Each structure stands twice: as C-alpha cells, then as structure tokens.
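Thanks for coming. I have one model to go through today, so please look at the screen.

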Amino acid sequence: MAISSLDNRAFQQLLGAVGKHVVSAAPLPLDDLRERLAAAEDEELLRQELDALVALVDAAAREGLDVGALEERLAASQLSDAQRRVFLVWWRGERHKIHSQLYRQTSWNGHLERFTWRADTKVASRDNPEIGEPTAIFEMVTTAGHVAGPGGDAPHVARFELTRAQLGALLDQLREVEDCI
C-alpha cells in the first residue's frame, strides 16, 4: 500500500489536506504524494488509496463518528497501526471543526432568504422529449455566509425544475420527513 509507506508526519499532513478537501473541495496534494513515495508506486493504486481515505474522512464527518466508532472503521482499513493512531489523534482535534463546517454548508436554518416557485409548460428541451408537459420551477436564495470557504460571503441561488413525477416523489419524501417530526 502506497499511503502506508508515509511517515507519521506526512500522513498527518495528508489527513489535513483530505479534511480540507472534504469540507471545501480543495485540491488533493497528488504531486506532493508522488514525490514522497517511491517512483515505482502505481499511480492507479495511489489514487484508489487516496479515494478510500477521502471516503473514510467524509463518512466520519457526515456521520459525526466519535473516536470509538472511527476506531472500528479504521480496523477494517489497510492503514498501518501507527497511521491509525495518528488518524485518531487527528480526528480528536478536527472532528468538531469539520463536522460544524459541513453543517454550515448544508444547514439552511436562518439562511433561506427567499423561496419561489412557478408552474410552467415545457416548450423546448435538450434532455427531455416530453414537450408540452407541465413542470414546476423552484428557486431558493440563501443569505450570505451560509457556506464556508471561497464565496461564502455572497448569497447563493439554487434553481431546479421538476416534472410532475419528480415533484410527486419529492412530496412523498417530504411527507416521510413530516411524519418523523
């Protein structure tokens, strides 16, 4: 395994870069990794291992895993024992920061400025052959500051269009949410 050959300090730096990538889609340090690892390492293997590490950090952040639950997940990984320990120490320090940044990115409480919709009839489409079918068009505008990272100070607009079937499926899911709360 290519990543397991990293020393503890390099692995901790890699975890920091992966954490930033999970939160803000910052680029991963592939060039730096290539330099640190032997030239004989397989590029595809390196990419697979890096993707697995990103998936592990992403899952831990989104699921809000505590150190014990993460330790169980790490036991199934191909990381060395030393790297598992480094990962757990890093996670203890970064868990709340990463989770709260992801929460800010996905939470609209107090940030939804405007929600508008309208019904329309499709007259032309590149992707949908159902011309003349009614569609619902939604627009949500959020206030500035709800997204961490670059552009977080500007308002964001989400626009989407749903067919009758898609709207029905969305309403079914919203009813399930309503039943839960």
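Two remarks on the source. This is a predicted model, in which local features need pLDDT of at least 70 and side-chain atom pairs count only at pLDDT 80 or more, while totals for chains, interfaces and linings use all residues. Residues are numbered from 1 along each chain as its sequence is written, and side-chain values use heavy atoms, with hydrogens and water left out.

The secondary structure comes to 6 helices and 3 strands. Here helices (H or I, at least four residues) and strands (E, at least two) are DSSP runs, numbered from the N terminus. From that end, the order of elements is α-α-α-α-α-β-β-β-α. Of the 181 residues in the protein, 30% are buried; that word means under 20% relative accessible area, with exposed over 50% and partly exposed in between, for a 1.4 Å probe and protein chains only. A contact means heavy atoms within 4.5 Å. Among contacts between residues at least 6 apart in sequence, 55% join residues at least 24 apart.

Now helix α1, residues 8-24. Its 17 residues, at 1.5 Å a residue, should span 24 Å, and the end C-alpha atoms are 24 Å apart, which agrees. The expected span is 1.5 Å times one less than the number of residues. At the start of α1, a side-chain oxygen of D7 comes to within 3.2 Å of the backbone nitrogen of R9. After the helix comes A25, with a positive phi near 60°. The buried residues of α1 include F11, L14, L15 and V18. Against what do the buried residues of α1 pack? They pack against α2 (30-36), α3 (43-63) and α5 (81-106).

Next, the sheet. The 3 strands form an open sheet in the order β1-β2-β3, with antiparallel pairing; two strands pair if DSSP finds at least two bridges between them. At the edges are β1 (112-121) and β3 (156-163), each pairing on one side only. On average, neighbouring strands are turned by 15° against each other, direction ignored. Axes here are lines fitted to C-alpha atoms, for helices over the stretch in contact, and angles run from 0 to 180 degrees between N-to-C directions. Between β1 and β2 (residues 134-142) there are 9 bridges, and R114 has V141 as its bridge partner in β2. Helix α6 (residues 164-180) lies across β2 and β3, running at about 115° to β3.

With a relative accessible area of 18%, E139 is buried. Its side chain makes polar contacts with the side chains of R114, at 3.2 Å, and of R159, at 2.6 Å. A polar contact is a pair of N or O atoms within 3.5 Å; within protein, one must be able to donate a hydrogen and the other to accept it, and residues adjacent in sequence count only if both atoms are side-chain atoms.

Last, the aromatics. A search of the whole structure finds 4 aromatic pairs. Rings of Phe, Tyr and Trp (its six-membered ring) pair if their centres lie within 6.5 Å; planes under 30 degrees apart count as stacked, over 60 as edge-to-face and the rest as tilted. Why does the pair of F138 and F160 count as stacked? The ring centres are 5.3 Å apart and the planes are at 25°, so the pair is stacked. F138 is in strand β2 and F160 in strand β3, 22 residues apart. F138 counts as buried, at 11% relative accessibility, whereas F160, at 31%, counts as partly exposed.
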